[in-house]
Amino acid sequence: MDAPHVAGVVIAIAVAAALAVLGAHPRVRRWERRFGLTVLATSGFPFLLLGLLFRELGVLTADVLAHLRPLFEFGLGWVGLTIGTNLNLRRFDRLSPSAAPVIALTTLLPILFTAIACSLTLTWLGVVPGKGLMRDALILMACAAVSAPANLELLLRRWRSSTHLVIEMTRIDQLAALALLGFVAIMFRPDRTVTLWHLPRSGWFLMTLGLGALLGIAIFLLVRNVVDETEELALLLGGVALAAGMAGYLALAVAVVCALAGAVMINFPLKRSERIVRTLREVERPIYFLFLFVVGAAWRPDEWQGWVLGIVFAASRAYGKIVAVRTAARIDAELPPWKPFAVTLLPESTIAIVVLFSATAIDGSGATPAVRWAVNAVIVGSMLTEAAVQAYQRRVRLRVAEETGA
Amino acid sequence: MITRALLTIAGVAALTYATRSFVPQGATITGSGAALAFGFLLIVAVQAAHLCDAAKIPRLTGYILVGIFFGPDVIGLVSRKMLPDLALVKGTAVGLIAFLAGCELNMRRLRPRLRAIGTASVLTMIAAALLLFALFYGITHILPATAGYTTVQRIVVALVAANVLAAYSPAVVVGILSETKAAGPLSETTLSIVVLADLIIVVTYALSSTFGHIVFPGSGGGGLALLVPHLFGSIAAGAVAGGVLALYVSRIGARSGIFTFALLFIAAEAGEALHLNPLLIGLTAGLLLENVTEIGGERLAHAASGVAMPTFAIFFAVVGAEIPLGAFFGTAPFALAAAMIRGAGIYAGARIAGRVAGMDATFTRRLTLGLLPQAGVAIALVALLLADFSPWGRVVGTIVLGTIIVNQLIGPVLFRNAIIAAGESRHEAERRRLV
């Protein structure tokens, strides 16, 4: 390695270490909570920039990414399992019957609006059917689905009873995004000639479900009777790695299979389920930083097409959420007014990063222009949405302050 | 517990076998293959630990046996192509093991024993190296690859081989101490000696390989030219890592175990690119935290202890899977002879050191057992030997590797027994109390 490259590596590592420290700093976490910001908007954004910087310095090369692939697979598995543990069916049972159409509307309408608007934009940009249009549109649809439960401040102020519904809505959103990701993995299988198993797409669908369920049972059986916390961590690490490795080996969506495994595991009678979920969440945040970092390396802010797609993505997604919320208000009169309700559902969840990461790093298609534009679209879209949400929140805060004389 | 462990191993092995049938035999999928191997080895190693507890043998030996059994040369569930991808885990594991060792070494506490530690480190290494040198000098007359060499060339071959085999194993010692929850004079003295001796070995190997390159011109490697950046660069990187950790713990504190692991991962990855040694980086960081900062290594070692067990399990399982059984059986007689000679040399050196430093005979005997295991550093040096010296490096390197395998399998068992006999194992004490 030559001297400038070595210097680049050293600088990059120093910056990464400093950022990691800053990202985990309690003050940053407090800001996030206080202002209702998402991880992507605050401590996550520097990691995107860092990925960009690493690429420019020539540190994050294709070889380095290939070398780190086992870690990426493991990270996807870990995040997938963590998302899966959100799907505790007992909690969904507590929702009112009117919640189902509301959740369906707020999840599906943004997906539909984004699909139409982004497909048209991609076609205008030259991505035609048969050349990745379907795949890229599905990736953007999956990214459009997920909302971050970060801006609950507005709801908590006057409509405290709706927060439970909002939290469950964002969880169902995640499920929809993962379902789309799983669909992408099933529809766009790798070259059949190099593998020994030849199944129809429906077979791979059943395989995804079956493997997820089987691994969920396996992880449940592994951690069920473990008393020692260290052994529990070892088996959890091993279980996630095995699940991620198996899913990846069979070219299935790692995050989807692991999410299914997590959902199955958490719905079994597990004595220390809270401790397991806490362990999973402890590591989740650093994994997101890692994904943001790699996605940052695929980010090309200099490509105007990405900015166009980003604006279209943000606008269509926001419009979809607003239409969904307004329609939902007609179904359930007890829902909060559409403005604060829509603002609460607008911020982009970090799950979008998982979806993007799967699209850019794992299947090696990060180099195609359309995927790069999609990366830009989600990053730009998230930032625009976040800016709009924060502006609205500030206005509300000022109005409340005026009303109360504070 | 045994039935459950065996059933789990069978179940996980069946799942892995079924998954591997997706691609033709011999092929693997980059990334997924390594993740699969990692998960499989970790789960099976944890189950093997229960079997080892029942059989009263070290868990560490169980991890190595798991690697050998499911590795490429026996069952083959972990294929040879998967192993290079697992280097990612190995580098971090070496760094973490060294970090934990550094955190345990408090110089103020060790000061009364420093003379004994220094004397024992030097004398055991010299005695073992001298006897091994004589053995390998003799072997060079028998081996076809070296039979025609001049006396000077034979001396170089024997010197390099003896140098590699004089290495100890901080990884095994830390592994056994962690497993037995040991604390006491024997634990501390053994750990100090293996750490100090391995630092010396890294330097002496650079010197002996430089000598080798002079006698065998045209062979590869960098020798002394690489030593300065390698050694001092690693120590500097370790000091920086220690500083960052100290800053993190004092200013943030939350998730310090994960942060330590992440930092050591970055250090291992960058170290590979910058030719730095993860062992030295981790060790320096640990020593710095324990002896220079106010934080103390114990706090971070405790925070990182959660990941220590899985790290040991996967590290030694991968080490086991990497053992080339075919080559070992081909050189087994030489390897066994070298292992016995090495053991005798260490014992003789320890006895002399015991007399000089005033250690009692029982303590000296137990100390010898702690110096027998070999793993990380020795294997790394063998890799250099195999790569740097052609054609004799391959032949002599195989014998050296065979010797390391013998020490790897026998050493942990003997050291664990020594720790229990010395009454320093809290794990054993707890077990007896429960019984």
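The legends below describe close-up views of a predicted model.

Residues are numbered from 1 along each chain as its sequence is written, while chains are lettered from A and ligands numbered from 1 in the order in which they are written. In this predicted model, local features need pLDDT of at least 70 and side-chain atom pairs count only at pLDDT 80 or more, whereas totals for chains, interfaces and linings use all residues.

**View 1. Confidence along chain B.** Chain B has a mean pLDDT of 83, where pLDDT is the predictor's confidence in each residue, from 0 to 100. A value of 70 or more is reached by 96% of the residues of chain B. Helices here are DSSP runs (H or I, at least four residues), numbered from the N terminus. For the complex, the predictor gives an ipTM of 0.83 and a pTM of 0.83.

**View 2. The side of chain B that touches chain A.** Contact joins 41 residues of chain B to 44 residues of chain A; two residues are in contact if their C-beta atoms, placed from the backbone, lie within 7 Å. Helices H1 (2-20), H2 (32-55), H10 (224-251), H11 (256-274) and H13 (297-321) of chain B each give two or more residues to this side. H2(B) has the largest share, eleven residues. By class, the side of chain B that touches chain A has 30 nonpolar, nine polar and two charged residues. Ala, Val, Leu, Ile, Met, Phe, Trp, Tyr, Cys and Pro count as nonpolar, Asp, Glu, Lys and Arg as charged, and the others, Gly among them, as polar.

**View 3. Two domains of chain B.** Chain B is divided into domain 1 (2-82) and domain 2 (87-434), with bounds from an automatic or database domain assignment. Their C-alpha centres lie 26 Å apart. In domain 1 of chain B, 21 residues are in contact with 24 residues of domain 2 of chain B. On the domain 1 side, H2 and helix H3 (59-70) of chain B each supply at least two residues, and H3(B) has the largest share, ten residues. That side has 16 nonpolar, three polar and two charged residues.

**View 4. The largest nonpolar core.** This core has 295 residues; a nonpolar core is a set of buried Ala, Val, Leu, Ile, Met, Phe, Trp, Tyr and Cys residues joined through C-beta atoms within 7 Å. A residue is buried if 20 or more other C-beta atoms lie within 10 Å of its own, exposed if 12 or fewer, and partly exposed in between. Val257(A), Leu41(B), Ala45(B) and Leu132(B) have the most contacts inside the core. Domain 1 and domain 2 of chain B each give at least three residues to this core. Beyond four places in sequence, Leu132(B) touches residues including Ala161(B), Leu165(B), Ile341(B) and Arg342(B).

**View 5. Two loop residues with positive phi.** Most residues other than glycine have a negative phi. Ala251(A) has a phi near 55° and lies in the loop between helices H12 (229-249) and H13 (254-266) of chain A. Ala251(A) counts as buried because it has 22 C-beta neighbours inside 10 Å. Lys181(B), with a phi near 50°, is in the loop between helices H8 (170-180) and H9 (185-215) of chain B. Lys181(B) has 15 such neighbours inside 10 Å and so counts as partly exposed.
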